[in-house]
Amino acid sequence: MVKKASANTYTYAVGRRKSAIATVKVYPGKGDLQVNTQTIEKYFPTPTEKIIYERPFAATGTMGKYHFSAKILGGGKNGQIKSLVLAISRALKKIDNTFTSVLRTNGLLTVDSRVRERRMVGTGGKARRQKQSPKR
């Protein structure tokens, strides 16, 4: 028995930034771009956000050839969209390994590992704040 390739074949990838984690399934062909079961225009409504999440597709020249479904947990909007871009870039790299150099030169595969510094004991609720010293 020969197995047929199902229409739901996808490439899976994960992207992280700050405390946001994006898991993405990239499908071939045209379709809706979804984030957390909403359309991407609802989830990221501003035009600047649209430019950011389209960067991996624009860099590789695959605009309109793929669509994705993403689930994003944690973080704020900035961390979420950057984790989404990293996840899409990783998925495109898995699809076609020749995209690696293009994505790398555009800085889309670079992981920004900076996270918020935890608060320290005795600093008044902030990470680096020191207690005020007496004047005399």
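This is a chat about side-chain contacts in a predicted model.

Trainee: How many salt bridges does a search of the whole structure find?
Mentor: The search gives 3 salt bridges.

Trainee: What does Arg17 pair with?
Mentor: Arg17 forms a salt bridge with Asp112, and their closest N and O atoms are 3.1 Å apart. The two residues sit in distant parts of the chain, 95 residues apart. Arg17 belongs to strand β1, residues 11-17, while Asp112 falls in the segment after α4 (99-105).

Trainee: Arg17, buried or exposed?
Mentor: Arg17 counts as buried, because its relative accessibility is 8% and the cut-off for buried is under 20%.

Trainee: And Asp112, where does that one fall?
Mentor: Asp112 is partly exposed, at 27% relative accessibility.

Trainee: Which residues are linked in a network, then?
Mentor: Salt bridges link Arg17, Asp112 and Arg114 in a network.

Trainee: What does Glu117 meet in a salt bridge?
Mentor: Glu117 meets Arg128, at 2.9 Å from N to O. Both residues of this pair are in the segment after α4, 11 residues apart.

Trainee: How accessible are Arg128 and Glu117?
Mentor: Arg128 has a relative accessible area of 66%, which makes it exposed. Glu117 comes out at 33%, which is partly exposed.

Trainee: Switching to rings. How many aromatic pairs are there?
Mentor: The count is 3 aromatic pairs. One of them is Phe57 with Phe68, which is stacked. Their centres are 6.2 Å apart, with 10° between the planes.

Trainee: Why is that pair called stacked?
Mentor: Because the angle between the planes is 10°, and planes under 30 degrees apart count as stacked.

Trainee: Where do Phe57 and Phe68 lie?
Mentor: Phe57 is in helix α2, residues 47-60, and Phe68 is in strand β5, residues 66-73. The pair therefore ties together parts that are 11 residues apart in sequence.

Trainee: Are Phe57 and Phe68 buried or exposed?
Mentor: Both Phe57 and Phe68 are buried.

Trainee: Last one. What sits over the ring of Tyr43?
Mentor: The charged end of Lys77 sits there, 3.7 Å from the centre of the Tyr43 ring.

Terms used:
Residues are numbered from 1 along each chain as its sequence is written. This is a predicted model: local features need pLDDT of at least 70, side-chain atom pairs count only at pLDDT 80 or more; totals for chains, interfaces and linings use all residues. Side-chain values use heavy atoms; hydrogens and water are left out. A salt bridge is a side-chain nitrogen of Lys or Arg within 4 Å of a carboxyl oxygen of Asp or Glu. Helices (H or I, at least four residues) and strands (E, at least two) are DSSP runs, numbered from the N terminus. Buried means under 20% relative accessible area, exposed over 50%, partly exposed in between (1.4 Å probe, protein chains only). Rings of Phe, Tyr and Trp (its six-membered ring) pair if their centres lie within 6.5 Å; planes under 30 degrees apart count as stacked, over 60 as edge-to-face and the rest as tilted. A charge sits over a ring if NZ of Lys or CZ of Arg is within 6 Å of the ring centre and within 35 degrees of the ring normal.
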